[in-house]
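This report describes how two chains are arranged and how they meet. It then turns to one helix and its surroundings.

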Protein chains: 2
Amino acid sequence: MTRVEIPDRSPFGLHNLPYGVFSVGGGAPRVGVRAGDTVVDLSVVLTGSDGDEAFAASSLNAFMAQGPDRWAAVRQRVHDALTADVPHEAVHPVSAVRLHLPIEVADYVDFYASEHHASNLGRLFRPDAEPLLPNWRHLPVGYHGRAGTVVVSGTDIVRPCGQRKAPDEDAPTFGPSRRLDIEAELGFVVGIGSEPGSRIAVDDVAAHVFGAVLVNDWSARDIQAWEYVPLGPHLGKSFATSISAWVVPLAALESARVPLPGQSPEPLEYLRGRDDHGLDVDILVEWNGEEVSRPPYREMYWSPGQMLAHMTVNGATARTGDLFASGTVSGPERAQRGAFIELTWGGREPLTVKGVERTFLLDGDEVALTASAPGPDGTRIGFGEVVGTVRAAR
Amino acid sequence: MTRVEIPDRSPFGLHNLPYGVFSVGGGAPRVGVRAGDTVVDLSVVLTGSDGDEAFAASSLNAFMAQGPDRWAAVRQRVHDALTADVPHEAVHPVSAVRLHLPIEVADYVDFYASEHHASNLGRLFRPDAEPLLPNWRHLPVGYHGRAGTVVVSGTDIVRPCGQRKAPDEDAPTFGPSRRLDIEAELGFVVGIGSEPGSRIAVDDVAAHVFGAVLVNDWSARDIQAWEYVPLGPHLGKSFATSISAWVVPLAALESARVPLPGQSPEPLEYLRGRDDHGLDVDILVEWNGEEVSRPPYREMYWSPGQMLAHMTVNGATARTGDLFASGTVSGPERAQRGAFIELTWGGREPLTVKGVERTFLLDGDEVALTASAPGPDGTRIGFGEVVGTVRAAR
């Protein structure tokens with residue numbers, strides 16, 4: 001038996017306890033919890049209770065489907081286990097394990113919930129019109145992305161090819177994207193779904209959402225700009241979406257609850273909750289190791305509860321494994337913008353990264369997102385990183 | 001042992017042999033083939049070869065993942081079995097079985113491949129602009145739909161609620177959709193997917209696509225019109241998409257191959273195949289039992305091979321169970337339009353159905369789609385019906 005050492009002030013302390021899926025050597029993937037710089041194997045530590053077989057699985061889906069009472073009970077058992085001794089074979093340095101995609105993604109919906117991002121993109125994509133479209137303040141605008149290309153942090157990103165047409169060109173050409181970008185987002189993972197024809201209330205988000213991940217929604221702006229009317233983004237986004245290997249339980253984010261910045265006009269009744277709130281999560285964007293932005297999630301206009309309520313208000317079912325993401329997190333300041341197209345204003349105002357003027361991503365570039373939120377007693381709650389390196393188009 | 005009787009001129013003759021998933025009484029779902037008005041249980045008839053365990057499954061996915069050589073071999077074995085005697089317990093009248101959703105849908109992409117439909121919708125949604133947007137003739141425009149709400153024919157459709165705002169209203173209101181519509185489409189089911197960063201060539205469609213289904217992409221036009229800029233349709237579509245219980249193998253559609261109607265300008269190289277073709281499938285739309293339209297699939301501008309090539313040209317993976325649909329099938333004539341918004345020109349030119357003037361769907365309405373295509377030797381290849389009844393909003 002051994003005691004798991006958690007460094008003081010670790011963002012992966014006992015108040016966090018995010019879940020992931022890992023393997024060691026060629027072994028089978030199983031569910032683990034991150035504590036400090038350690039991964040604790042739940043298929044070893046938690047056994048003997050109904051449902052514990054879900055920890056010997058290659059995704060969190062079986063555990064997520066067990067529902068909020070079970071999530072709370074397991075969280076308490078993990079806490080208890082980590083404040084006592086655990087079997088030696090259950091403990092692995094995080095550097096010694098392989099981290100897998102933690103969830104089997106059912107449907108993936110990406111929202112557009114930052115007013116600053118939507119306004120910036122409106123100015124860039126439709127320079128002659130009002131930046132915010134008439135529906136934007138009435139509903140959380142969103143669309144379905146490709147679930148099959150959600151990948152775990154660390155997966156290389158092959159530069160996508162596709163059709164691009166600049167405004168001054170007569171016809172589109174085919175080739176590798178020349179405006180490859182990121183979108184720094186938070187994502188929310190559904191544990192308990194809903195029945196056909198029913199809907200989820202804004203205030204019921206914690207009965208359905210298991211936890212949160214950090215997301216990089218890689219975006220090929222030239223492909224997107226040409227294809228996106230009238231049915232929305234498709235190939236410009238569908239090549240890859242990276243998520244963190246660790247899913248932070250919603251229970252770990254209670255100290256991060258903050259009021260929304262304010263909504264005007266007042267939204268329709270189905271989008272109003274008595275207990276609705278935003279989240280005070282600070283994101284850090286690093287480009288080849290250099291900080292380029294700090295997007296503040298607390299600035300988001302629409303709440304996670306509103307997104308979930310909207311997504312199901314037409315009676316569409318939610319399912320275990322559904323992932324809904326916030327859209328790019330951008331704050332009011334330039335250095336708070338979560339996409340390079342905004343940071344460089346469409347490529348016209350380059351950033352200096354490692355001493356070089358930069359606009360969009362080049363082959364070999366690495367982007368790393370990290371994030372943290374306030375926990376109880378002055379602690380911080382860390383999200384797993386989302387790292388990706390751009391590889392040349394094939 | 002018994003011989004399966006197939007009526008002369010049945011659209012489900014030996015040249016068709018579509019696959020589905022069925023159960024009898026409270027028994028487990030398994031894979032069957034339709035022959036005439038009979039369902040033949042493949043988990044009983046085909047045993048003893050590697051891979052035959054895939055027929056004792058609740059979806060076609062395991063069989064579809066076995067690839068085109070196996071699809072061809074099984075098709076031959078089914079043909080041989082049905083021209084000899086089969087075990088009595090393998091044979092069920094189609095009226096005595098429950099038909100299930102035949103595939104586990106991975107990602108669902110809906111295209112917009114009919115020039116007539118796209119032009120009509122452009123005129124209706126954007127009356128002051130060119131009906132076809134600049135990108136439409138250069139690429140098959142499409143978007144991701146909700147995989148989790150793809151349902152099998154016969155499933156009731158609960159009228160969706162959502163935000164609607166008519167052009168003459170100041171603000172949106174919430175309530176049941178007042179413009180509930182259909183979209184008659186064909187869908188294509190992927191058996192063999194592709195690797196990240198690779199792409200599928202137009203001419204390789206038969207190495208990847210297992211078969212075709214008939215699709216009704218139910219659409220709430222009032223919700224759609226308000227929400228769809230700039231990220232495309234979402235709640236206006238995501239409540240339900242119905243597909244036929246039977247998947248027609250691509251091999252059964254060889255006699256239905258026809259040249260495309262013609263593409264101008266010539267598409268970019270990745271969209272050009274040497275063996276590319278359309279399909280001569282006749283769809284019939286019945287509203288409460290009365291014929292209202294006969295959409296001709298042979299009029300579609302973009303081919304299934306072009307849709308699949310486009311969907312993967314950015315390196316996005318395809319997966320077993322992916323469903324991509326054509327978008328509404330509309331021909332040049334009014335009586336060939338595959339959506340009520342086109343048939344009634346936005347509700348301004350009602351249809352007479354059962355003696356009553358009608359525009360959009362009312363609670364209790366039933367819509368049935370059927371389809372057939374030329375088979376060899378003057379036969380017809382039938383698609384399973386897609387039927388749905390509208391139920392009142394909850």
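## Terms and basis

Contact here means heavy atoms within 4.5 Å. Helices (H or I, at least four residues) and strands (E, at least two) are DSSP runs, numbered from the N terminus.

The model is predicted: local features need pLDDT of at least 70, side-chain atom pairs count only at pLDDT 80 or more, and totals for chains, interfaces and linings use all residues. Residues are numbered from 1 along each chain as its sequence is written, chains are lettered from A and ligands numbered from 1 in the order in which they are written, and side-chain values use heavy atoms, with hydrogens and water left out.

## A helix of chain A

Buried means under 20% relative accessible area, exposed over 50%, and partly exposed in between (1.4 Å probe, protein chains only). Among the buried residues are A:Pro304, A:Met307, A:His310 and A:Thr312.

The cover over these buried residues includes helix 5 (205-208) and several strands of chain A, among them strand 6 (108-111), strand 13 (184-190) and strand 14 (209-216).

## Relation of the two chains

Chain B is superposed on chain A by a rotation of 180° with 0.0 Å of shift along its axis, at an RMSD of 0.0 Å. That is the relation of a two-fold axis. The superposition is by least squares on the C-alpha atoms of residues with pLDDT of at least 70 in both copies. In chain B, the residue that comes closest to the rotation axis is B:Gly232, at 2.1 Å (C-alpha).

## The interface

Contacts link 55 residues of chain B with 55 residues of chain A. Of the interface residues of chain B, 100% are also interface residues in chain A, so the copies meet through the same surface. The two chains bury about 5,100 Å² between them, 59% of it on carbon and sulfur atoms. Buried area is the accessible area (1.4 Å probe) that two parts lose on being put together, summed over both. B:His144, B:Arg146 and B:Leu231 supply 16% of the area that chain B buries against chain A, more than any other three residues.

Across this interface the rule finds 2 salt bridges, each a side-chain nitrogen of Lys or Arg within 4 Å of a carboxyl oxygen of Asp or Glu. The side chains of A:Arg146 and B:Asp322 meet in a salt bridge at 2.9 Å, N to O. Strand 7 of chain B gives the largest share of the side of chain B that touches chain A, 4 residues.
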